[in-house]
Amino acid sequence: MVKTPFCVFDLKTGVPCPKCQALIDEGKYTYLDFEVAKALLKVEESGLGKLKEVSFEGSFEVSGTLVVIVRGLGIRDRLLLHRLEGELAKEFKGKYRKVKVIERSSNLKELISQLVYPIRVTSVNIYWYPDGSSEYTVGVSKGRLPLPKDLVEEIAKRIVGREVKIITS
Ligand SMILES: [Zn+2]
C-alpha cells in the first residue's frame, strides 16, 4: 500500500483523526497533502498496484499546477509516471490544470531533469552572491520545455529550497 503520513482509515473516510489533524495543525503537512494521499490510495486501489512501492512525501501548488513529491516510483518507468499523472489529474479534475509527479532525489540534475523532460539538463552550477545568498544555474539543451520556464524555476525552488535559474545552453 502507498505509504503516506496519514492513517489509511482516515484516507478512506476522508476525515483526519486527531493525530493526523495534529500533523496538519502543526504545519508538518497540509490539507492538500491529505487530499493527495487520499487520491493516491484511491488510484492504487483502482488498479495501479505498483503504487504499493511508493512513499508520498508532500505536495504543493504553483500557478494551477499540482506538484506531487514521491519516493520509490522509479523515474525511468515513464509509462507508470504518465499513468499516475493522468489518474491524479482525473481525481483533481477542475481544480488543477496539470499534475506533475516528481521523484525526490538529492541529485539536483536528476530532479530538474524530471521537470524539463524530454529536454536535457546539460549543467548544474551554484552561484554565490556577495551577500551570502546563492542560486543554482541549470543549463538545458535547446527545445520546448514541457512547462513555462518560470514555472519550472518556481517548482524547482520549492523542492530544493534555493533560487534556481534555467538557462538554455
Ligand atoms: Zn489518522
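**View 1. How far apart do the C-alpha centres of domain 1 and domain 2 lie?** They lie 24 Å apart. Domain 1 covers residues 1-104 and domain 2 covers 105-169, with bounds that come from an automatic or database domain assignment. A quick note before going on: this is a predicted model, in which local features need pLDDT of at least 70, side-chain atom pairs count only at pLDDT 80 or more, and totals for chains, interfaces and linings use all residues. Residues are numbered from 1 along each chain as its sequence is written.

**View 2. Where the two domains touch.** Ten residues of domain 1 are in contact with eight residues of domain 2 (contact: C-beta atoms, placed from the backbone, within 7 Å). Strand 2 gives the most, with three residues. Helices (H or I, at least four residues) and strands (E, at least two) are DSSP runs, numbered from the N terminus.

**View 3. The sheet with the order 1-2-3.** Three strands make up this open sheet, and their pairing is mixed; two strands pair if DSSP finds at least two bridges between them. Strand 1 (55-62) and strand 3 (98-103) are the edge strands, each pairing on one side only. From one strand to the next, the twist averages 20° (axes are lines fitted to C-alpha atoms, for helices over the stretch in contact, and angles run from 0 to 180 degrees between N-to-C directions). Look for strand 1 beside strand 2 (residues 65-71): they pair in the antiparallel sense over seven bridges. Here Glu-61 stands opposite Leu-66 in strand 2.

**View 4. Helix 4 and its two faces.** Helix 4 (residues 78-91) lies across strand 2 and strand 3, running at about 140° to strand 3. Leu-81, Leu-84 and Leu-88 are buried in this helix (buried: 20 or more other C-beta atoms within 10 Å of a residue's own; exposed: 12 or fewer; partly exposed: in between; C-beta atoms are placed from the backbone). They cover an arc of only 65° around the axis, so they sit on the same side of helix 4; the arc is that of the directions from the helix axis to the C-beta atoms. Their cover includes helix 3 (31-45), strand 2 and strand 3. Turn to the face away from the buried side and you'll find the exposed residues Arg-78, Leu-79, His-82, Gly-86 and Lys-90.

**View 5. The sheet with the order 4-5-6.** This one is also an open sheet of three strands with mixed pairing. Strand 4 (121-128) and strand 6 (163-168) stand at the edges with a single partner strand each, so one side of each has no neighbour in the sheet. Strand 4 and strand 5 pair in the antiparallel sense over seven bridges, with Glu-135 in strand 5 as the bridge partner of Tyr-127. Their hairpin has five residues between the strands, and in it Gly-132 takes a positive phi near 95°. Strand 5 (residues 134-140) and strand 6 pair in the parallel sense, over six bridges, and Val-138 stands opposite Ile-166 in strand 6.

**View 6. Helix 5 against its sheet.** Helix 5 (residues 108-116) lies across strand 4 and strand 5, at about 120° to strand 4. Its buried residues are Leu-111, Ile-112, Leu-115 and Val-116. Seen down the axis of helix 5, they fall within an arc of 125°, so they line one face of the helix. The buried residues of helix 5 pack against strand 4, strand 5 and helix 6 (149-160).
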